Amino acid sequence: MPLILRVDVDRPYGRAPLFRHVLSRLASDLYFPRIECFGYLRELGIILEMLKQRHAKAYVFFRRCTLPSGPILRLIEEGGHKIGLHLEDSRSFETFAAEKRMLEAHTGRPVRALSKHGSGGARYGLHHYAPYEPEWYVEWARRTGMTLFLGNLEDPSLGPVIDAAGFASYPSAFWLEPAWRDTSVFTIDWLLSEARSRDVVLLIHPENVLAVPALIGELQRLLASLDTRILQ
Ligand SMILES: [Zn+2]
């Protein structure tokens, strides 16, 4: 069985060097325009090139401060990836619907996949509503014709719930970055073995993975061994 690869695009200018880290914070907390020569979405571009070499497909989730540029949209089209909403302002159905409309207007296509920025802890950014309330997101996603919700729980042994209409909700992911994973239990070998019998969501954040050579190696190893899958 394949991986369902989830890419959350959190930082418009990555996290290094310092001035790009500052631009990422500025764009998230206040406003900063999309400027290619400062490396807007550079890390995502590198990951998408890597996926292209492996013929791997992903769901790529964008925030309102990381809306895809023209070159990124072309890579997504060429690679057969799907665009999803990385929801920030989850105060109400209306704020959710406004973010979905913004992403659809920007990309010119319907958005059918949803993930949430943050897992209920700190507030990240001007528009971010911190509580994590997945039951609402599933209801809103269903109500607006979406077909997939990928949740933030950190126990990748939890399986999906798929309803009669085909709406799929995966409550949990295997987070490649070890800060959000019990690495004593959920090792790369565990994932390779588990994904033989069922779909598992693999979650990555491009700027975090590219900052650690060992994580790049683990991602390459997984992509070399497992297929990836688009559900819709
Ligand atoms: Zn996020």
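**Helix, sheet and loop**

Reply: Helix 5 (residues 134-143) lies across strand 3 (82-87), strand 4 (113-116), strand 5 and strand 7, and runs at about 170° to strand 5. Angles go from 0 to 180 degrees between N-to-C directions, with axes fitted to C-alpha atoms, for helices over the stretch in contact. Contact here means C-beta atoms, placed from the backbone, within 7 Å. Helices (H or I, at least four residues) and strands (E, at least two) are DSSP runs numbered from the N terminus.
This is a predicted model: local features need pLDDT of at least 70, side-chain atom pairs need 80 or more, and totals for chains, interfaces and linings use all residues. Residues count from 1 along each chain as its sequence is written.

Me: Which way do strand 5 and strand 7 run, and how many bridges join them?

Reply: They run parallel, with four bridges between residues 148-153 and 168-172. Leu 150 sits opposite Tyr 170 of strand 7.

Me: What's the strand order in the sheet?

Reply: 6-7-5-4-3-2-1-9-8, an open sheet of nine strands with mixed pairing. Strand 6 (161-162) and strand 8 (174-175) are the edges, each pairing on one side only. Pairing takes at least two DSSP bridges.

Me: New topic: where is Thr 144?

Reply: In the loop between helix 5 and strand 5. Leaving aside neighbours within four places in sequence, Thr 144 contacts Ala 97 and Lys 100.

Me: Why is Thr 144 called partly exposed?

Reply: Because 16 other C-beta atoms lie within 10 Å; 20 or more would be buried and 12 or fewer exposed, with C-beta atoms placed from the backbone.

Methods:
Contact = placed C-beta atoms within 7 Å.
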